[in-house]
Amino acid sequence: MNPLELFHFLTNLLRNEAEVIASFFVGVAITLVGAYTLRRWVLPQRDSDTELAKKDVEIHRKDAEIARKDAENAALARKLEAEERQAAELANSIETTRKKHLREKKQLREDIEQLNKQVQESGQNHTEMSSGAEALRAELEAARKALDLYKRKATTVVVSYKKQLAVQTDHVKAIEALEGRIWEAPPRAGATPFQPLEDRQAPIIAVTNLKGGVGMTSLTANLAAVFGQQGKKVLVVDLDHQASLTNLCLPLERIKDLARGDGKLLSNVFKARGDFARVAWNNLTHLDDAGSCLLAASEELADVEEHAKAQWLIQPDAFDMRYLLRSALHDPLIQNRFDMVLLDCPPRWTPASINALAACDFVLIPVLLDRTSAEAVPRLLAWLHSLKAKQVCAEMSILGVVGNRAWRKDKLSTRERGVWKTLRDNCADAWQGPVHLFERFVPTNARFADAADERTFAALDVTLYPIFEELIAEIEQRRAQHDESRGVATVS
Ligand SMILES: Nc1ncnc2c1ncn2[C@@H]1O[C@H](COP(=O)(O)OP(=O)(O)OP(=O)(O)O)[C@@H](O)[C@H]1O
Ligand SMILES: [Mg+2]
């Protein structure tokens, strides 16, 4: 029977015999339940007591085993707990140690960083200090070199100062040795040499006396006026800070011009540091259309010439100021411009009057025919002799002594004649050689006072002019004699 035939059979069976089948299956089920109950509950009951006893023993054993195991487990649990505690403590300790270690490590790192920083800083400091020390060393070296240089310079300066001091000391001693006669000091090296008159055009005449009021200024101005009338270009130089000659020669308004400070004055020549002729030239004041000029003075001259003198005395190597006027007047610039130079000196030894003596070819000495005036002339001549002998004015000659405020030789009073006679001998003694006394006297004349007020020249007066002509003729004669003999009026 195939499966399909089986299926049909069963289906028919169920449809036709359902109750029979159901009863069959119920019977089968009851049989199975009875068999099971018998086997499960009734049959095994006999074996089970023994078995049970065995099982009880086994259970007791197992219980004991379990109890032992439990005890072991409990012990193990305690041990485990203890170990866990220990482990926890250890972990704690490890953690604490770790943390401590970390802290220490951190601290150590910080310390190291700090140290590194310090090392770096100290390195930096060291570098800075090194470069600072280097700079200091360089500065020290430079300072040492500067000090050496300074020492060398200081030594040079000290040596130079010592030399200067020695020179200065010698200089002061030399001045002291002069015992006040400072003008007699020998000319310094570099002093302007005297140009012989043969090599020059204009003779230089210094009108001088150590006794004042004898007519020096009047004689200078009036001689210049008459020389001018004779066609000569005359330069008159006022060497007296009282400025009498300047006042005599110039109108009042021109004198006021001079006082304005930028005036043309002789003092500018004394102030100059060199090129004295040019300075003199630039300070000339024209007196007339014929070409005569004045080198004017003012009160300022006193200070200026004293200053020049002080510099000369203090500085051993300063220009010898006694030859300042010689430098100016012997120069071709002045010499070629004039035919005659007349110097009006003050009645005392001033730097200006010494300059006049050192510059002049001739000295003309006016004198009044009274005893006091006459006695002053030999004193002057003795001085001049001494200065000439000391080479201060080696080339200077005495032109002569001219009597002022007298009339003619043949009209002198007995007293005047006596004075005049004595004068000749006294002059010769003082000068240590013959001294010319002029034949021509200048008479007393009111025109001198009037002319001074009118700012004209008394010699231009019709009565006085021939007298001055005679005087000039005698002067020219004396000059000619001097040229011939080169020694009539010089130190023999
Ligand atoms: N021959 C003379 N007749 C009249 N008066 C004169 C004569 N000579 C000069 N005087 C007058 O005498 C006075 C002095 O003259 P002067 O100024 O020329 O002398 P000094 O020697 O230059 O004087 P100081 O010492 O002041 O330089 C003046 O008033 C002048 O007018
Ligand atoms: Mg005078």
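User: Hi! In strand 5, what is the bridge partner of valine 234?
Analyst: Hi! Valine 234 has methionine 340 as its bridge partner in strand 5. Keep in mind that this is a predicted model.

User: Thanks. How many bridges join strand 2 to strand 5, and how do they run?
Analyst: Five bridges join them, and the two strands run parallel. Strand 2 covers residues 234–238 and strand 5 covers residues 340–344. Another facing pair is leucine 235, which stands opposite valine 341 of strand 5.

User: And what about strand 4, how does strand 2 pair with that?
Analyst: Strand 2 and strand 4 (residues 293–295) pair over three bridges, in the parallel sense. Valine 236 stands opposite leucine 294 there.

User: Which residues of strand 2 point which way?
Analyst: Val234, Val236 and Asp238 point one way, while Leu235 and Val237 point the other way.
Analyst: Strand 5 is mostly covered, with five of its five residues buried. Met340, Leu342 and Asp344 point one way, and Val341 and Leu343 the other way.

User: What does strand 5 have to do with strand 1?
Analyst: Four bridges join strand 1 (residues 204–207) to strand 5, and these two run parallel. Isoleucine 205 has leucine 342 as its bridge partner, and alanine 206 has leucine 343.

User: Zooming out, what is the strand order in the sheet?
Analyst: Seven strands form an open sheet in the order 3-4-2-5-1-6-7, with mixed pairing. The edge strands are strand 3 (284–286) and strand 7 (397–404), each of which pairs on one side only. On average, neighbouring strands are turned by 25 degrees against each other, direction ignored.

User: Which strands does helix 13 lie across?
Analyst: Helix 13 (residues 371–389) lies across strand 6 (362–368) and strand 7. Against strand 6, helix 13 runs at about 160 degrees.

User: Switching to the ligand: how many residues surround ligand 1, and which are the closest?
Analyst: There are 18 residues around ligand 1, and the closest are Gly212, Met216, Thr217, Ser218 and Phe448. Helix 4 (216–229) and helix 15 (447–454) are the elements that give two or more residues to this shell.

User: How does that shell divide into nonpolar, polar and charged?
Analyst: The shell around ligand 1 has seven nonpolar residues, nine polar and two charged.

User: Back to helix 4: why call it largely enclosed?
Analyst: Because 13 of its 14 residues are buried, helix 4 is largely enclosed by the rest of the structure.

User: What span should helix 4 have, and what does the model give?
Analyst: At 1.5 Å a residue, the 14 residues of helix 4 should span 20 Å, and the end C-alpha atoms are 20 Å apart, which agrees. Just after helix 4, glycine 231 takes a positive phi of about 95 degrees.

User: Last topic: where is asparagine 445?
Analyst: Asparagine 445 is in the loop between helix 14 (414–431) and helix 15. Leaving aside neighbours within four places in sequence, asparagine 445 is in contact with Ala458 and Leu464.

User: Why does asparagine 445 count as partly exposed?
Analyst: Because asparagine 445 has 18 C-beta neighbours inside 10 Å; a buried residue would need 20 or more.

User: And how far is asparagine 445 from glutamine 86?
Analyst: They are 157 Å apart in space, C-alpha to C-alpha, and 359 residues apart in sequence.

Note on methods. Residues numbered from 1 in each chain as written. Chains lettered and ligands numbered in written order. Predicted model: local features only at pLDDT ≥ 70, side-chain atom pairs only at ≥ 80, totals over all residues. Near = placed C-beta within 6 Å. Nonpolar A, V, L, I, M, F, W, Y, C, P; charged D, E, K, R; others polar. Buried ≥ 20, exposed ≤ 12 C-beta atoms within 10 Å, placed from the backbone. Contact = placed C-beta atoms within 7 Å. Expected span 1.5 Å × (residues − 1). Pairing = 2+ DSSP bridges. Axes fitted to C-alpha atoms, helices over the stretch in contact; angles between N-to-C directions.
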